[in-house]
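Please have the viewer ready and follow along.

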Amino acid sequence: MIQVSSVSKSFGNIKAVKNVSFSIERGEIFGILGPNGAGKSTIVNILSTLVRSDQGDVIMDGINIRDHGDAVKLIIGVVPQEIALYDELSAVGNLMFWGGLYRIPKSELRANVQKTLEIVDLVNRKDDQIKTFSGGMKRRINIACSLLHQPKILLLDEPTVGVDPQNRNHIFELIEKLHQEGMTIIYTTHYMEEAERFCEKIAIIDVGQIIAQGTLKELRKFSGVKDLLTIKLADASHVTIDRITSENPSFRFDSASSSLKVECGNVGNDISLVVGRIQKSGGVIDRISTQGTNLEAVYLKLTGKELRD
Ligand code: ADP
């Protein structure tokens, strides 16, 4: 559905996007994860034809955006970071205004306005002025604006920044609803948990470059991060620990937590093996905890840094 090939963009001597390539299947949610300044908005702006890339090609639904920008605008919906609504107008007033820019016939537009208000779950506030809406509700109306012309592809640029938890959940639910209906979605974020929650594929981006991309499973494999088993023994005497670690050199004793740490390729497969080995070496297990490799561990391994606000 979307092919981005070797796209680069500089602003003066700032290389905002460097040789970025990815492809997205129809109906997929593709996450672009990276810190502020990584180049996420620039990619969204290139895909939405607001910014022209210096190099590379973008094909959306078979259309090369370089040659057919206007045709592409009809099949994409864009939710920019900045909210663009008129405070004095009602929700319906705003939607009719923005929809009018797409030259949708009035009766069809009215039906689309009603439908998008249902999607973002704000029908009950449709006649209220936008200035009475919370930040999160405004963002939901902003999303509704991007859906009025019934696009095939939705580009969302950090849609939950500054949104309270309740509205955040509303946004998550509506993205999941659009996904179920078959929408192809690009979702940029600097929140790990969002990328992990619903992006089927994730591109990790840092200083304009994609460091790795794929499903979470593929990223885990690529990063080489392992699951971790932490085992607390009933008897953590020197003699017992020494016997276990000498018979199992890959088992590490962590004196700070007074527990054994064992890295596994897959906890589910390896746990019984590890338990058996400890018991064979004379260890009595008190407690076991597992730590699966989440996106955070993968990100840290690949970029060497934490992802902060
Ligand atoms: P993100 O969305 O990941 O926060 P951006 O794409 O907004 O990152 O920015 C990437 C880099 O490009 C940053 O260094 C930013 O300052 C720079 N940049 C973005 N847009 C412009 C612009 N119009 N003019 C100059 N520099 C820009």
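## Around the ligand

Before you start, please keep in mind that this is a predicted model.

Which atoms of Ala38, Gly39 and Lys40 come up to the ligand oxygens? For Ala38, a polar backbone atom sits 3.0 Å from an oxygen atom of the ligand. Gly39 also uses its backbone, with an N or O atom 3.0 Å from a ligand oxygen. Lys40 contributes its side chain: a polar atom there is 2.9 Å from an oxygen atom of the ligand.

## Helices α3 and α4

Next, find helix α3 (residues 91–100) and helix α4 (residues 106–119), whose axes are 10 Å apart and pack at an angle of about 130 degrees. The two helices are therefore oblique to each other, and α3 passes α4 in a right-handed crossing.

On the α3 side, the contact uses Ala91, Val92, Leu95, Met96, Gly99 and Gly100, and these meet Lys106, Leu109, Arg110, Val113, Thr116 and Leu117 of α4. Sorted by class, this contact has seven nonpolar, three polar and two charged residues.

## Helices α5 and α6

How do helix α5 (residues 135–147) and helix α6 (residues 165–180) cross? Their axes come within 9 Å, at a crossing angle of roughly 20 degrees. That angle is under 35 degrees, so α5 and α6 count as roughly parallel to each other. The crossing of α5 past α6 is right-handed.

## Helices α8 and α11

The last pair to visit is helix α8 (residues 216–223) with helix α11 (residues 295–303); their axes come within 10 Å and cross at roughly 40 degrees. These helices are therefore oblique to each other. Here the handedness is left-handed, as α8 passes α11.

Leu216, Leu219, Arg220, Phe222 and Ser223 make the contact from α8, while Leu295, Val298, Lys301 and Leu302 make it from α11. What does the contact of α8 with α11 hold by class? There are six nonpolar residues, one polar residue and two charged residues.

Notes. Residues numbered from 1 in each chain as written. Predicted model: local features only at pLDDT ≥ 70, side-chain atom pairs only at ≥ 80, totals over all residues. Heavy atoms only, no water. Axes fitted to C-alpha atoms, helices over the stretch in contact; angles between N-to-C directions. Helix = DSSP H or I, 4+ residues; strand = E, 2+ residues; numbered from the N terminus. Parallel < 35°, antiparallel > 145°, perpendicular 65-115°, else oblique. Left-handed = near helix turned anticlockwise from the far one by under 90°. Contact = heavy atoms within 4.5 Å. Nonpolar A, V, L, I, M, F, W, Y, C, P; charged D, E, K, R; others polar. Polar contact = N/O pair within 3.5 Å; in protein donor to acceptor, adjacent residues only side chain to side chain.
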